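Me: Hi! Could you walk me through a few helix contacts and a couple of residues in this one?

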Amino acid sequence: MKKGMSTYEKMYQLLEKNRDRIIKSNPQFKEQLDQMIEHNKEAAKRPEKIKEIYYNIGDMQRKVTRGSGYFDINYLVRLQDAFGKYGTLMYTFGIGERALKGPYKELSQLLSTKGLGVPSKDKSTIRALIKAWLPTVETNLKKSMATFELDERGKKLSIDHQNIKQSLANNREEIAKRDFNKKILPLLRNPQ
């Protein structure tokens, strides 16, 4: 939440500024470039959305601890909803990052050619941002996405991309049931 989104803002500004120049020389790249611009624009707004979710959860917790002192069903439903929004936000962001890996490489190669009309300072800045971004996708993003797509045993979890929030909730519930049966139930049956 505290991580600066200045790199996304900078990339958004540079791509938006040079959009027409890039498309003029490569019209077939328009859709991918628009996708990059939109993704970076949304990524810059992400910390505010995350902050809102965290504050909402904190406010709910504060009301419970200062009020009734216990979690009722309504609280748990609202908590699951907030947690689902966070998971959906992070997973869709990761999908967007992963989908842009190829277009970013293509853009970097495109910017290395002459005759685009993009100022050299902008070219070098965009290429430097992409160069810094690619290793992060290879390592950190892969690990982050694995938390959504794989269980602790490395088994692939099913995620419906039309209903991500519900799919993530179903996966959490399935893992919780399995863990309960494996770790808690034997202790309940055979207390020591």
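Reply: Happy to. One term to start with: a polar contact is a pair of N or O atoms within 3.5 Å, and within protein one of them must be able to donate a hydrogen and the other to accept it. Residues adjacent in sequence count only if both atoms are side-chain atoms. Also, keep in mind that this is a predicted model.

Me: Good to know. Which side chain does the side chain of Arg-19 make a polar contact with?

Reply: With that of Asp-20, at 3.4 Å.

Me: And where is Arg-19 found?

Reply: Arg-19 lies in helix H1, which covers residues 6-25. If you skip its neighbours within four places in sequence, its contacts are Lys-30, Leu-33, Asp-34 and Ile-37.

Me: Let's follow Leu-33, then. Is Leu-33 buried or exposed?

Reply: Leu-33 is buried, because its relative accessible area is 0% and the cut-off for buried is under 20%. This residue belongs to helix H2, residues 30-66.

Me: What does Leu-33 touch, not counting residues up to four places away in sequence?

Reply: Leu-33 touches Leu-15, Arg-19, Ile-22 and Ile-23. There is also a C-alpha distance to note: Leu-33 and Glu-16 are 17 residues apart along the chain, and their C-alpha atoms are separated by 9.0 Å.

Me: New topic: helix pairs. At roughly what angle do the axes of H4 and H5 cross?

Reply: Roughly 150°, and the axes come within 10 Å. H4 is therefore roughly antiparallel to H5, as angles over 145 degrees count that way. The crossing is left-handed. H4 spans residues 101-111 and H5 spans residues 120-149.

Me: Which residues meet there, H4 against H5?

Reply: From H4 you have Lys-101, Tyr-104, Lys-105, Leu-107, Ser-108 and Leu-111. On the H5 side they meet Lys-123, Ile-126, Arg-127, Ile-130, Trp-133, Leu-134, Val-137 and Glu-138. By class, that contact has 8 nonpolar, 1 polar and 5 charged residues.

Me: Nice. And how far apart are the axes of H3 and H6?

Reply: Their axes are 9 Å apart, and the helices pack at an angle of about 110°. So H3 is roughly perpendicular to H6, and the crossing is right-handed.

Me: Which H6 residues take part in meeting H3?

Reply: Ile-164, Lys-165, Leu-168 and Arg-172. Their partners in H3 include Phe-83, Gly-84, Tyr-91 and Ile-95. The residues of this contact divide into 5 nonpolar, 4 polar and 4 charged.

Me: Great, thanks!

Conventions. Residues are numbered from 1 along each chain as its sequence is written. This is a predicted model: local features need pLDDT of at least 70, side-chain atom pairs count only at pLDDT 80 or more; totals for chains, interfaces and linings use all residues. Side-chain values use heavy atoms; hydrogens and water are left out. Axes are lines fitted to C-alpha atoms, for helices over the stretch in contact, and angles run from 0 to 180 degrees between N-to-C directions. Helices (H or I, at least four residues) and strands (E, at least two) are DSSP runs, numbered from the N terminus. Angles under 35 degrees count as roughly parallel, over 145 as roughly antiparallel, 65 to 115 as roughly perpendicular and the rest as oblique. A crossing is left-handed if the near helix is turned anticlockwise from the far one by less than a right angle, and right-handed if clockwise. Contact means heavy atoms within 4.5 Å. Ala, Val, Leu, Ile, Met, Phe, Trp, Tyr, Cys and Pro count as nonpolar, Asp, Glu, Lys and Arg as charged, and the others, Gly among them, as polar. Buried means under 20% relative accessible area, exposed over 50%, partly exposed in between (1.4 Å probe, protein chains only).
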